[in-house]
Amino acid sequence: MAKSVDGAFVAVGEMDQFLPRVGRVVRMNGAAVAVFRTEGGWYALEDRSPHPKGGPLSEGIVSGHYLYDPLYDWKIDLRDGRVQEPDTGQVKTYPIKAQDGIVKIAAGGAGRDGSADNM
């Protein structure tokens, strides 16, 4: 859950509360956002599969900067939310940053990509 606002970013937890390669859902403005910590950075995506039947992305498998949809095995790029071929689709991404031990997500929504600003 969102704790405090720092400019346009909302603190969603401490860095050590997010396990590597394991999705964790946080709530922002009523939306479920899946947060992923990888060797390459931090990513935040809407916790809803772009598949027509939907489903939670937070339960997916992370490999590198890709997320594999747990229900449909679609390959999604964590950096920009794009579904990889042969499937098509887009997941909403959120700018995210981790600094001073705190993980923060942009309150306003999607950015060009969801990669972290690891300061």
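In this predicted model, Glu39 forms a salt bridge with Arg21, and the closest N and O atoms of the two lie 2.7 Å apart. Glu39 sits in the loop between β4 and β5, while Arg21 belongs to the loop between β2 (9–14) and β3, so the contact ties together parts that are 18 residues apart in sequence. The two partners can also be described by their accessibility: Glu39 counts as exposed, at 62% relative accessibility, and Arg21 counts as partly exposed, at 42%. As a general point, side chains of opposite charge can pair when their charged atoms come close.

A search of the whole structure finds 3 salt bridges. Besides the pair of Glu39 and Arg21, there is one between the side chains of Asp77 and Arg79, with an N to O distance of 2.8 Å. Is Asp77 buried or exposed? With a relative accessibility of 5%, Asp77 counts as buried, because the cut-off for that class is under 20%.

Strand β4 (residues 31–38) and β5 run antiparallel and are joined by 6 bridges, and a hairpin connects β4 to β5 through 2 residues. Within this pairing, Phe36 has Tyr43 in β5 as its bridge partner. Strand β5 itself, which spans residues 41–46, is mostly covered, with 5 of its 6 residues buried. β5 also pairs with strand β9 (residues 93–94), again in the antiparallel sense, by way of 2 bridges. Here the bridge partner of Ala44 is Tyr94 in β9. In general terms, the side chains of a regular strand alternate between the two faces of the sheet.

Another part of the fold is an open sheet of 3 strands, arranged in the order β6-β7-β8 with antiparallel pairing. Its edge strands are β6 (61–63) and β8 (75–77), each of which pairs on one side only. From one strand to the next, the twist averages 30 degrees. β6 and strand β7 (residues 66–68) are antiparallel and share 3 bridges, and across this pairing Val62 stands opposite Leu67 in β7.

Some loop residues deserve a look at their backbone geometry. Which residues other than glycine have a positive phi? Asn29 is one of them, with phi near 50 degrees. Asn29 lies in the loop between β3 (24–28) and β4, and is exposed, with a relative accessible area of 69%. Asp73 is another, with phi near 60 degrees. Asp73 is placed in the loop between β7 and β8, and with a relative accessible area of 56% Asp73 is exposed as well.

The peptide bond from Glu85 to Pro86 is also worth checking in the model: the bond is cis, with omega near 15 degrees. Pro86 belongs to the loop between β8 and β9, and β9 is the strand that pairs with β5.

Technical notes: Residues are numbered from 1 along each chain as its sequence is written. This is a predicted model: local features need pLDDT of at least 70, side-chain atom pairs count only at pLDDT 80 or more; totals for chains, interfaces and linings use all residues. Side-chain values use heavy atoms; hydrogens and water are left out. Two strands pair if DSSP finds at least two bridges between them. Helices (H or I, at least four residues) and strands (E, at least two) are DSSP runs, numbered from the N terminus. Axes are lines fitted to C-alpha atoms, for helices over the stretch in contact, and angles run from 0 to 180 degrees between N-to-C directions. Buried means under 20% relative accessible area, exposed over 50%, partly exposed in between (1.4 Å probe, protein chains only). A salt bridge is a side-chain nitrogen of Lys or Arg within 4 Å of a carboxyl oxygen of Asp or Glu.
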